[in-house]
Every structure is written in structure tokens, then in C-alpha cells.
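Visitor: I am new to this structure and would like to know what stands behind the words used for it. Please show it to me before we start.

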Amino acid sequence: MKKLEIIIKPERLEDLKKILNDNKANGLMISNIMGYGNQKGYTTIYRGTETTVNLLPKVKVETVVPTEVAEVIVDEVVKQINTGNYGDGKIFIYDVDDVVRIRTGERGKEAL
């Protein structure tokens, strides 16, 4: 199993949810976060004063899926979420040794 941690622009969230639903990713955790990467934010003038905004709004979506589904999701995200601009986001992929559904005690893929 793989844990996908996908960080994207907030306006792309609905597209990402569709990709995950189409690939039967059963559970999601969505967090609003702030950060920056290569783009380092932007400079703006507010009331005559130049200010640098370097923490940009992002959305982090986490899900755990079977290994064979993870690469399909990653490929779809890269194809559909990519705009070619800085700030499109990143996908972090982690190995998951086991998962336990607390309610039933099921383990592994059955617990997803």
C-alpha cells in the first residue's frame, strides 16, 4: 500500500477529487495549508507600501491506496492538474506497512 500526500492549488481540488473517486480511493483527508516552494511568493503594493507575500494558500490531500492504484493516480494527477506554472504542487509517496480498521479489526487492503 502507498500513502499519497498531494499538495496543490486550492482551485484544483475538485479536479483532484474526481481523479481519486474515479480510481476508487476510498478515504481522503484534506487540509488547508500555507507554504511556498520554488516560486517564493510574490511582491505587491498595498496602500503605497511594497510587501512580499511568501506564504501562499495550498491544499494537502492525503489518501492510502493499493500499490497498483498509486501509480495510476500519480499519472492522472500529473496529466490533469499540471498547468506548467510554478506552484502546481507536489506528490509525496510513502510506503504503508499495514492499516487496521478500528471498528472491525480488519487489516491490510480490506481495511481501506
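**Values and definitions**

Guide: Lys24 has a relative accessible area of 66%, and exposed means over 50%, so Lys24 is exposed. Under 20% counts as buried, and anything in between as partly exposed, with a 1.4 Å probe and protein chains only. This is a predicted model, in which local features need pLDDT of at least 70 and side-chain atom pairs count only at pLDDT 80 or more, while totals for chains, interfaces and linings use all residues. Residues are numbered from 1 along each chain as its sequence is written, and side-chain values use heavy atoms, leaving out hydrogens and water.

Visitor: What is said of the phi of Lys24?

Guide: Phi of Lys24 is near 60°, a positive value in a residue other than glycine. Most residues other than glycine have a negative phi. Lys24 is placed in the loop between H1 and E2; helices (H or I, at least four residues) and strands (E, at least two) are DSSP runs, numbered from the N terminus.

Visitor: Why is Arg47 called exposed?

Guide: Its relative accessible area is 74%, so Arg47 is exposed. Arg47 also has a positive phi, of about 50°, although it is not a glycine. Its place is the loop between strand E3 (42-46) and strand E4 (49-53).

Visitor: Why does Ile8 count as buried?

Guide: Ile8 counts as buried because its relative accessibility is 2%. Ile8 belongs to strand E1 (residues 2-8). Not counting residues up to four places away in sequence, Ile8 touches Leu13, Leu16, Lys58, Val59, Ile81, Asp88 and Gly89, where contact means heavy atoms within 4.5 Å.

Visitor: Which polar atom pair involves the side chain of Asn23?

Guide: A polar atom of the Asn23 side chain lies 2.9 Å from the backbone oxygen of Ile19. Asn23 is in the loop between helix H1 (13-22) and strand E2 (29-35). Leaving aside neighbours within four places in sequence, the contacts of Asn23 are Val69, Val72, Ile73 and Glu76.

Visitor: How does the radius of gyration of the protein compare with that of a compact globule?

Guide: The protein has 17 Å, whereas a compact globule of 112 residues would have a radius near 13 Å. The radius is taken over C-alpha atoms, and the globule rule is 2.2 Å times the number of residues to the power 0.38. Along its principal axes the C-alpha trace spans about 60 × 30 × 20 Å.

Key:
A polar contact is a pair of N or O atoms within 3.5 Å; within protein, one must be able to donate a hydrogen and the other to accept it, and residues adjacent in sequence count only if both atoms are side-chain atoms.
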